[in-house]
Amino acid sequence: MEKSRPLWDNPLQFVFACISYAVGLGNVWRFPYLCQMYGGGGFLIPYLIMLIVEGMPLLFLELSVGQHMRQGSIGAWKTISPYLSGVGVASVVVSFFLSMYYNVINAWAFWYLFHSFQNPLPWAACPLNSNHTGYIEECEKASSTQYFWYRKTLNISPSIEENGSIQWEQAMCLILAWLTVYLCILRGTESTGKVVYLTASLPYLVLIIYLIKALTLHGAVNGLVYMFTPKLEQLANPKAWINAATQIFFSLGLGFGSLIAFASYNEPNNNCEKHAIIVSLINSTTSVFASIVTFSIYGFKATFNYENCLNKAMLLLTNAFDLEEGFLTADNLNHMKEQLMATHPNEYVELLPQIKNCSLEAELDTAVQGTGLAFIVYSEAIKNMEVSQLYSVLYFFMLLMLGIGSMLGNTAAILTPLTDSKFLSTHLPKEVISGIVCFINCIVGLTFTMEAGNYWFDIFNDYAATLSLLLIVLVEIIAVCYVYGLRRFEKDLHLMIGHKLSWYWKIMWAFASPLLIISLFIFYITDYILTGTLQYQAWDATQGHLVTKDYPSYALAVIGLLVASSTMCIPLGALAIFIKRRLKREHRSTVA
Amino acid sequence: MRGFLLLAFSLVTTAHAEFCSPDSQNAFKVRLSIKTALGDNAYAWDASEEYLFKAMVAFAMRRYSSQKTTQISNVLLCNVTDRVSFWFVVTDSSKNATTVPRGEVEAAIRMTRNRINNAFLLNDKTMQFLKISSTLPPPTESSVPIWLVVFGVVLCLIVAGILFLIVSGIQQRKKKNKEPAETKNLEEKCEVTVTIENGMPCDTLNLKTGQINGGYEADDERFTPL
């Protein structure tokens, strides 16, 4: 008797698993950046259009393929057509790359979380230098939060060539992160199903608390006004549309095989159409919600820095000209500056290079994305709040929940095909398979804990998944519509969900989404070709800010290898099957 | 008599001006930010406060050097501004017409800096002695870094969870392996009892083809031929 496939306890677990996977760090640190760069409130227009044209149809497609075939990505695509087994393998390879570097973010979140239990927070002030007369130079040139991130956390080297040694603190946090992931995936859907209740709901709780707090902060309104004033002229910029499409695509986590894996544990008659719409809407709403919080925090931080800048300028002038305390205020500063220039021209000119022009707009304009936003900007805002330890703990706990939720999906994408294969599942219990996968990922992930590790992290983050995923999803949608046949698929879905497919899905699958993905693909390739040499941002400790450097040749080779190893699986898989069949036919003809 | 007094007074003031002037040798500038430190409770800087300052500096000099001869009159203040900032210098009463060297004054002030700050309800930032570097307070460090403690707790919890799940998984699997063996034993027992109770000996049933129930024979035509 065949062992029955493990199932989710109830459909809610499935929805929560998808939400937990889709709602990840990208919603928190990428969407607000895009909103800021491409027209504020106006960016929502291309975003929503892309959601309807691209996001929902592709999500529904992956979920229905997984639920219908009831296997992981390799088995599912093999069933559709044996020549497509390469697509499944490519998905597994990309998921493998992703899980290698993604868990390092969880390690950083653990690190910051553990350090939040101190008073004062370690990134609140610069540490003293060796003879206790002042602060460490690197910290003075940059800021205390940047110093904590680049020096205390990463201990980053000046360039990617200088590898340095493994940082044992980061390595320990990485091992802890992998042990946590192992604990959650140990028993398959049994354990994952319970964990996703937490990883899906707790981030929303923290976001609500933060929203209430952020809206009460001084200066939050500045940030919100800045964000939501739509700059509609950005809609004419094609980059806005391309970035909206890219964001929807990667935010939902399409093409990794995780959604297929999750859906394969569903009951066969689960209404995945309804769930696809729910998950994609919740994902987009969370992005907008998170950006409201982020922009309130931006506004607070920008106002704080602006007022600091003004105070510094006022103090400088008060000390230089021995004016009475409180004589200079924010309102009369400009007027008094002119007066002082008139009365004491020589001394004023001497001071001029030290007096910075303070501008609230300039502070709000500093757009940051990625790890810089999450770990530098947010921690800077948190250190200025009262009861900063509490908010720090909440925030990094939320980052951890988001990260672990996404990791559950990534590891499911790798483990489901492995446990589906009869060879492995008969010889090894699934606990051992999960353990081996986690162990291998952990060992490889230790490279990201070296001093140059963050540069390699950026390579993986930028290049491991982008092109490959576009190709994978393009092949997927063409396979389902034209190789398997849209009519045949429609009939299968009719059996599964119980009602006929609406024309909207059919049009999107057959025409709109493939065209969109092809245009994205062309855009990315031309962009790579046009930019020529690839560059990266390196931290210069002597100057206290980032500098741009070129990648050395071996780094470029690694990038090429990353992209090639996943994309080549598709044609190689087809070729392998073709050769196998050819050999079988020849063998049969020689035998007969 | 009056002329003599006038002469003496003018000599003192010129001497005063000689020793204490901005940027003169061995003079230090002091800058106070009373309003920033105390807000509404700020006191006004007047002659009495200056007297207290002179007394504190004289106290610092006495504490530092073995010679306990520094008087309040040895401390000279000048150029008081609205900021509040002023210059001061300490004259040496033992040697005529000289000022105490810079290094000594600096060391003396550094030693008793805390007392001086407290006398004026200020701190190192709001009472600045320019060109005297203040010793910043060392950060409070505990012997075991706090983050390691939290890390250890979380690590133990997670490892305990993993071990619990693995062990319970092994136990569950052992139970499942035992069950088929037990049910097999039960089936054999049942077979033995059934044959005895039913009255029908097992041997007659031991036909390879099995028994054909005549009631269903007519339905044979319903089945499509293979």
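In this tour, two residues are in contact when heavy atoms of each lie within 4.5 Å. The model on display is a predicted one.

Begin by selecting Tyr210(A). Setting aside neighbours within four places in sequence, Tyr210(A) is in contact with Val293(A), Ile297(A), Ile382(A), Met385(A), Tyr391(A), Ser392(A), Leu394(A) and Tyr395(A).

**Second stop: the annotated binding site in chain A**

Next, select Ala22(A), Val23(A), Asn27(A), Ser251(A), Asn283(A), Leu402(A) and Ser406(A), which an unreviewed UniProt entry lists under "binding site". These residues span 385 residues in sequence, yet no two of their C-alpha atoms are more than 12.8 Å apart, so they gather at one spot.

Ala22(A) is found in helix H1, residues 11-22 of chain A. Is Ala22(A) buried or exposed? Its relative accessibility is 5%, and Ala22(A) therefore counts as buried, the cut-off being under 20%. Not counting residues up to four places away in sequence, Ala22(A) touches Asn27(A), Ser251(A), Leu252(A), Val279(A) and Asn283(A).

With neighbours within four places in sequence left aside, the contacts of Leu402(A) are Ser20(A), Val23(A), Gly24(A), Leu25(A), Val28(A) and Pro203(A).

Select residues 47-64 of chain B, which form helix H3. At 1.5 Å a residue, the 18 residues of this helix should span 26 Å, and the end C-alpha atoms are 26 Å apart, which agrees. Colour the buried residues of H3(B): Glu49(B), Glu50(B), Phe53(B), Met56(B), Val57(B), Ala58(B), Ala60(B) and Met61(B). What do they pack against? Their partners in chain B are strands S1 (28-32), S2 (75-78), S3 (85-92) and S5 (127-129), together with helices H4 (102-111) and H5 (113-119).

Finally, select residues 144-167 of chain B, which an unreviewed UniProt entry lists as "transmembrane region". This span is 92% helix and 0% strand, and its end C-alpha atoms lie 33 Å apart.

Definitions and conventions
Residues numbered from 1 in each chain as written. Chains lettered and ligands numbered in written order. Predicted model: local features only at pLDDT ≥ 70, side-chain atom pairs only at ≥ 80, totals over all residues. Heavy atoms only, no water. UniProt positions renumbered as here; feature names shortened; annotations may be inferred. Helix = DSSP H or I, 4+ residues; strand = E, 2+ residues; numbered from the N terminus. Expected span 1.5 Å × (residues − 1). Buried < 20%, exposed > 50% of the residue type's maximum accessible area, 1.4 Å probe, protein only.
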